[in-house]
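The sequence and structure are shown first, and the description follows.

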Amino acid sequence: MGTSLRARFARQVMVTELARRNSIVPRGERTVEQARAELDHQGRLLRLPHDLHFNRGEVGGVGGEWLEADAHDRSARLLYLHGGGYAIGSCDSHRGIAGWVVEALGIPAFLPEYRLAPEHPFPAALDDALACFEALADQVPAERILVAGDSAGGGLALALTIALRDRGAPLPGAVATMSAWTDLTGSGESLRTRADREFMLIPDLMADVAAFYHGDVEPTHPLVSPVFADLSGLPPLLLQVGDEEILLDDSVRVWEKARAAGTEATLRVYPGMWHVWHALARWVPEARRANAEIARFWWSTIGEVPPQRRSTL
């Protein structure tokens with residue numbers, strides 16, 4: 001299936017808009033505070049499903065937001081971990097992304113605002129994710145929790161699950177990642193082979209952003225870069241990635257290692273798609289298909305029929 005007209009148009013609009021902004025203040029010269037404010041502003045522009053409610057809350061001592069609708073199946077939960085290179089991102093920036101995943105799934109979600117680097121380097125984000133998961137597992141059985149995340153949040157979702165396994169703790173029912181950042185060493189070939197196609201991320205800045213997070217810990221630490229972890233004994237994984245992005249190999253190599261370790265893993269490479277294209281689910285059919293795939297993956301993994309959801313596009 002070829003890339004949709006809407007996706008091609010959206011890509012051109014984003015490339016043009018990023019070029020305009022960069023002509024004023026180059027992305028490499030923005031401070032962390034400026035980058036956080038810009039991403040939050042962009043996220044607030046994304047429209048949400050009409051029937052979705054979002055309310056501030058706290059789970060496991062970590063603040064964030066609940067995203068839910070009146071018709072949701074409350075026997076399960078989604079823990080959604082936002083991206084942003086572990087240094088930026090919030091409920092404002094990612095409410096619109098997570099909201100359409102929630103719409104497809106038909107279950108409530110908690111979107112935590114885990115602590116960010118460089119103020120709070122590894123393992124702060126992981127500790128917060130663990131606290132959230134353990135608290136959610138007091139509300140529903142652990143196997144009825146789907147852990148999902150985009151970009152750095154996808155890497156964090158994998159690290160969380162690996163840490164739970166290593167502790168001998170109950171595991172989530174499944175993990176879904178979207179354009180996951182799983183290798184903070186930057187050793188993937190796609191960082192070079194896709195550099196001329198990438199427009200969302202800056203290849204030359206990846207090492208600096210990574211250093212904000214891993215700090216004094218080696219970037220090859222398996223809970224920093226899950227691509228270097230033992231991936232055996234994990235729940236089913238769904239790894240979605242676009243073939244136009246520099247992080248392509250971060251998902252491909254996790255998929256290869258997980259399968260070799262005996263873990264059930266599915267890799268979906270979306271032709272023509274960019275980093276976290278899911279953000280445009282309101283407009284781009286490939287984004288809606290990706291979210292629907294996450295929903296099918298979840299409900300088939302737990303062996304249940306998904307709740308009936310009316311479209312709120």
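## Helix 4

Helix 4 is mostly covered, with 10 of its 13 residues buried (buried means under 20% relative accessible area, exposed over 50% and partly exposed in between, with a 1.4 Å probe and protein chains only). The buried residues of helix 4 include Ala124, Asp128, Cys132, Phe133 and Leu136. Helices (H or I, at least four residues) are DSSP runs numbered from the N terminus.

This is a predicted model, in which local features need pLDDT of at least 70 and side-chain atom pairs count only at pLDDT 80 or more, while totals for chains, interfaces and linings use all residues. Residues are numbered from 1 along each chain as its sequence is written, and side-chain values use heavy atoms, with hydrogens and water left out.

From its first C-alpha to its last, helix 4 reaches 18 Å, close to the 18 Å expected at 1.5 Å a residue; the expected span is 1.5 Å times one less than the number of residues.

## Packing of helix 4 on helix 5

Helix 4 (residues 124–136) packs with helix 5 (residues 152–167) at an angle of about 70°, and their axes are 10 Å apart. Axes are lines fitted to C-alpha atoms, for helices over the stretch in contact, and angles run from 0 to 180 degrees between N-to-C directions. Helix 4 is therefore roughly perpendicular to helix 5, a term for angles of 65 to 115 degrees.

On the helix 4 side, the contact (heavy atoms within 4.5 Å) is made by Ala125, Leu126, Ala129, Leu130, Phe133 and Glu134. Helix 5 contributes Leu156, Ala159, Leu160, Ala163, Leu164 and Arg167. These residues divide into 10 nonpolar, no polar and 2 charged. Ala, Val, Leu, Ile, Met, Phe, Trp, Tyr, Cys and Pro count as nonpolar, Asp, Glu, Lys and Arg as charged, and the others, Gly among them, as polar.

## Helices 2 and 3

The axes of helix 2 (residues 32–44) and helix 3 (residues 91–105) come within 6 Å and cross at roughly 35°. Leu39, Asp40, Gly43 and Arg44 of helix 2 meet Asp92, Ser93 and His94 of helix 3 in this contact. The contact residues comprise 1 nonpolar, 3 polar and 3 charged.

## Two buried residues

Ser251 lies in helix 8 (residues 248–260) and counts as buried because its relative accessibility is 1%. Leaving aside neighbours within four places in sequence, Ser251 is in contact with Ala180, Leu239, Gln240, Val241 and Leu267.

Ala10 belongs to helix 1 (residues 5–24) and, at 11% relative accessibility, also counts as buried. Beyond its neighbours within four places in sequence, Ala10 is in contact with Trp274, Leu280 and Val284.

Definitions and conventions. Angles under 35 degrees count as roughly parallel, over 145 as roughly antiparallel, 65 to 115 as roughly perpendicular and the rest as oblique.
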